[in-house]
Amino acid sequence: MKKRNHAIFLSTCAILSAFSIIFGKYLALNLGTNIRFSLENLPILLAGLYLGPAAGAIVGTVADLLGCLLVGFSINPIITFGAMCIGLISGLAGKFCGKRKIFTLAVATAFSHLIGSVLIKSMGLYIYYGSPLLLVTAQRLGIYICTGSIEFIILLLLSKNKGFVKQMNKIRFKEG
C-alpha cells in the first residue's frame, strides 16, 4: 500500500476548515445571542468520518479558531474544545461502528452533536458569558436535532455517491 500525499491530505483538511468557517460564520442564521443555525459542523463531520478522528479534531479546532479571528469573535477555549470533539467523535464513530453506513452516520452525527454541540458548547456559553445553562442547553438541543437531521441526510447522500467516496478514500492518510 502506498503512502498518500501529505499535501493533498492537508489541503483537503484546510478546504474543509474553510467550508466550516463559511457555513458557520458567514452563512449562519443567528437566532438571538446564543443560538445560531448553521451547517458549520458538516465539514467537520466529513473530515472525521472520511479522513479519521485526528483530521476531524484538527479541522474542528482550526475552523473554530480561524473563524473567530476572521469575524472578530473572542476565542472561547471550551467552544473550541467542543468543535474539536465533534471531529474526533465522528472520526471514532467512522472507525469503530463497522460497515453499516446508515448506522455509522447516525451515531457520528448524533453523538458528535450531543456531546460537542449541546453539552460542551453550552457549558462554554455558560462559563464564559453567563448564559442560563438549562435554557441554552435546551435551545441548543432543539437546534441540533434539526441541524443534525439535515447534516445526516446530506452525509447519507454523499456516502451514496460513489465518486465522492472514491475521492475521499484516495485522500485518506494511510500510515505505513
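This is a predicted model: local features need pLDDT of at least 70, side-chain atom pairs count only at pLDDT 80 or more; totals for chains, interfaces and linings use all residues.
Visitor: Which helix is threonine 12 found in?
Guide: Threonine 12 is in helix H1, which covers residues 6–26.

Visitor: Buried or exposed? I mean threonine 12.
Guide: Buried, because its relative accessible area is 12% and the cut-off for buried is under 20%.

Visitor: What lies 2.8 Å from a polar atom of its side chain?
Guide: That's the backbone oxygen of isoleucine 8.

Visitor: And which residues does threonine 12 touch, leaving out those up to four places away in sequence?
Guide: Leu51 and Ile171.

Visitor: Back to H1 itself. How far apart are its end C-alpha atoms?
Guide: They are 29 Å apart. H1 has 21 residues, so at 1.5 Å a residue it should span 30 Å, and the two values agree.

Visitor: Which residues of H1 are buried?
Guide: Phe9, Thr12, Cys13, Leu16, Ser17, Ser20, Ile21, Gly24 and Lys25.

Visitor: What do those buried residues pack against?
Guide: Strand S2 (36–37), plus H2, H3 and H7.

Visitor: New topic: the largest nonpolar core. Which residues there touch the most other members?
Guide: Leu51 and Leu155, out of 24 residues in that core. Leu51 also turned up among the contacts of threonine 12.

Visitor: Which helices supply at least two residues of this core?
Guide: H1, H2 (41–51), H3 (53–71), H4 (77–96), H5 (101–129), H6 (133–159) and H7 (162–171) each do.

Visitor: Which gives the most?
Guide: H2, with 8 residues.

Visitor: What about leucine 155, what does it touch?
Guide: Not counting residues up to four places away in sequence, leucine 155 touches Leu42, Leu45, Leu46, Leu49, Leu105 and Thr109.

Visitor: Now the open spaces. What volume does the largest pocket have?
Guide: About 880 Å³. Its lining has 34 residues, and Leu49, Tyr50, Gly94, Lys95 and Arg172 are the ones nearest its centre. Leu49 is also one of the residues that leucine 155 touches.

Visitor: Which elements give two or more residues to that lining?
Guide: H1, H2, H3, H4, H5 and H7.

Visitor: How many cavities of 30 Å³ or more are there?
Guide: The count comes to 1, and the largest cavity holds about 60 Å³ of space.

Visitor: Which residues line the largest cavity?
Guide: Ser20, Ile21, Lys25, Glu40, Ile44, Gly60, Ala63, Asp64, Ala83 and Lys121. H1 and H3 are the elements that give two or more residues to this lining. Ser20, Ile21 and Lys25 are also among the buried residues of H1.

Key
Residues are numbered from 1 along each chain as its sequence is written. Side-chain values use heavy atoms; hydrogens and water are left out. Helices (H or I, at least four residues) and strands (E, at least two) are DSSP runs, numbered from the N terminus. Buried means under 20% relative accessible area, exposed over 50%, partly exposed in between (1.4 Å probe, protein chains only). A polar contact is a pair of N or O atoms within 3.5 Å; within protein, one must be able to donate a hydrogen and the other to accept it, and residues adjacent in sequence count only if both atoms are side-chain atoms. Contact means heavy atoms within 4.5 Å. A nonpolar core is a set of buried Ala, Val, Leu, Ile, Met, Phe, Trp, Tyr and Cys residues joined through side-chain atoms within 4.5 Å. The expected span of a helix is 1.5 Å times one less than its number of residues. On a 1 Å grid over the protein atoms alone, a cavity is a set of points where a 1.4 Å probe fits but cannot get out, and a pocket is an open set with protein on both sides within 12 Å along at least five of seven lines; lining residues have an atom within 4 Å of a point. Grid points are joined across faces, edges and corners, and a volume is the space filled by probe spheres set on the points.
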